[in-house]
Amino acid sequence: MEEKKLSFFNKIRKSIFDFDSYQELAAEGISRTIIYIVLLILIFGSIISASYTVKFLQIIDEAKTYIENEISEITYEDYKLSVNFNNGESVAKIDANNLLANKVIINTQDLEEEQINEYTNEIKNEKNGILILKDKIILKTAFSSNTMEYSYETISQTYNINNVSKTEAINILSSNEMKVFTVTFFITILIYMFVIYFSNILVDILLLAILAYIVTRLAGLRLKYSAIYNIASYSLTLPIFLNIIYIVANIFTGFNIKYFQVMYSAVASIYIITAILMIKSDIIKKQLELNKIIEEQEKVRQELKQKEEE
């Protein structure tokens, strides 16, 4: 009779809570294990992308509130931006500490290159930073130590933006186009997260498979390479969900664990070692049971032989 295949959610439950099931999971076909990992990464990417999107919407609302309450006038024409603040200052330095930027500096006055360089160095010292000037915007992201510069002329020609006032800026942030952009933002982040995380997971599985191979040899087991691959793959289930929780917490609260990656790898390694030792224990147990059966069969044969001789 064909063995019943485990459902996706059953695999999640067993790979986290039931070490005894790793013998069954190790016997899965590699193609089914790959599908399992792909689905896990899709769950990971969807939750993280949704979290980033929610945070992005919060930032949009914060931007609208800031424009309404702190800025008296915005003028944009002929590729030149002018921002006047309610307090009469010519520059605003905002410690945003959000998804897009840790610091935002706005100064649309005519500035000397030395002053621009000073502002640029300020945002360079941040994980993410935005510098808004009269004729360009300068960005610093966590993905690079260098800044990226975009002129308003290029942006205007690309997105067909000619004139913008304070009211129009608020309307743009509330428009249907912004909703479309939000959907695009979610899809972009999802694709990005899937590609990056899938690549990282493949590397993690390879390294964990090497560990699993070493442990099986030390334990005196000879498992197929496919079984070792499966054990390494399923051992990442709990770390992946822990990673989801950690990243979501980091997005919304800024909560940070310095050595989270070490913990991530340690949890997977513990699962691998424990699973292999459980498989070893189960094999020994079955071997002992088999030996008892053989002994009992031998006793029965001896008894039958004695009766025949009598």
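Predicted model: local features only at pLDDT ≥ 70, side-chain atom pairs only at ≥ 80, totals over all residues.

Reader: Is Glu112 buried or exposed?

Author: Glu112 is exposed, since its relative accessible area is 62%, and the cut-off for calling a residue exposed is over 50%.

Reader: And which residues make up the negative surface patch there?

Author: The patch is formed by Glu112 together with Glu113, Glu114 and Glu118.

Reader: OK, staying with charges, how many salt bridges does the structure hold?

Author: It holds seven salt bridges. As background, side chains of opposite charge can pair when their charged atoms come close. One of these bridges joins Glu122 to Lys103, with 3.5 Å between the closest N and O atoms. Because Glu122 belongs to helix 4 and Lys103 to strand 4, this pair ties together parts that are 19 residues apart in sequence.

Reader: Are those two partners, Glu122 and Lys103, buried or exposed?

Author: Glu122 counts as buried at 18% relative accessibility, and Lys103 also counts as buried, at 14%.

Reader: Which residues are linked in a network of salt bridges?

Author: The network links Lys11, Glu28 and Arg32. Within it, the closest N and O atoms of Arg32 and Glu28 are 3.0 Å apart. Glu28 counts as buried, with 12% relative accessibility, whereas Arg32 counts as partly exposed at 26%.

Reader: What about Lys64, which residue does it form a salt bridge with?

Author: Lys64 pairs with Asp61, and the closest N and O atoms of that bridge are 3.9 Å apart. Both residues lie in helix 3 (residues 30-70), where they are three residues apart, or about one turn of the helix. Asp61 counts as partly exposed, at 43% relative accessibility.

Reader: Changing topic, which residues form the nonpolar patch on the surface?

Author: That patch is made of Val203, Leu206, Leu207, Ile210, Tyr213, Ile214, Leu218 and Tyr225, which together have about 860 Å² of accessible area. Its largest share, seven residues, comes from helix 7 (residues 176-218). Ile214 is in helix 7, and at 44% relative accessibility Ile214 counts as partly exposed.

Reader: Where does Ile196 lie, and how far is its C-alpha atom from that of Val91?

Author: Ile196 lies in helix 7 and is partly exposed, with a relative accessible area of 38%. The C-alpha atoms of Ile196 and Val91 are separated by 38 Å, and the two residues are 105 residues apart along the chain.

Reader: Now zooming out, what is the radius of gyration of the protein chain?

Author: The protein chain has a radius of gyration of 30 Å, whereas a compact globule of 310 residues would have one near 19 Å. Taken along the principal axes, the C-alpha atoms fill a box of roughly 120 × 40 × 30 Å.

Reader: How many helices and strands are there, and what share of the residues is buried?

Author: The protein chain has ten helices and eight strands, and buried residues account for 36% of its 310 residues.

Methods
Residues numbered from 1 in each chain as written. Heavy atoms only, no water. Patch = residues over 30% accessible without salt bridge, like charges linked within 9 Å, V, L, I, M, F, W, Y side chains within 5 Å. Areas by Shrake-Rupley, 256 points an atom, 1.4 Å probe, with all protein chains shown as cover. Salt bridge = Lys/Arg side-chain N within 4 Å of Asp/Glu carboxyl O. Lys, Arg positive; Asp, Glu negative; His and termini not counted. Charge placed at Lys NZ, Arg CZ, Asp CG, Glu CD. Buried < 20%, exposed > 50% of the residue type's maximum accessible area, 1.4 Å probe, protein only. Helix = DSSP H or I, 4+ residues; strand = E, 2+ residues; numbered from the N terminus. Rg over C-alpha atoms; globule rule 2.2 N^0.38 Å.
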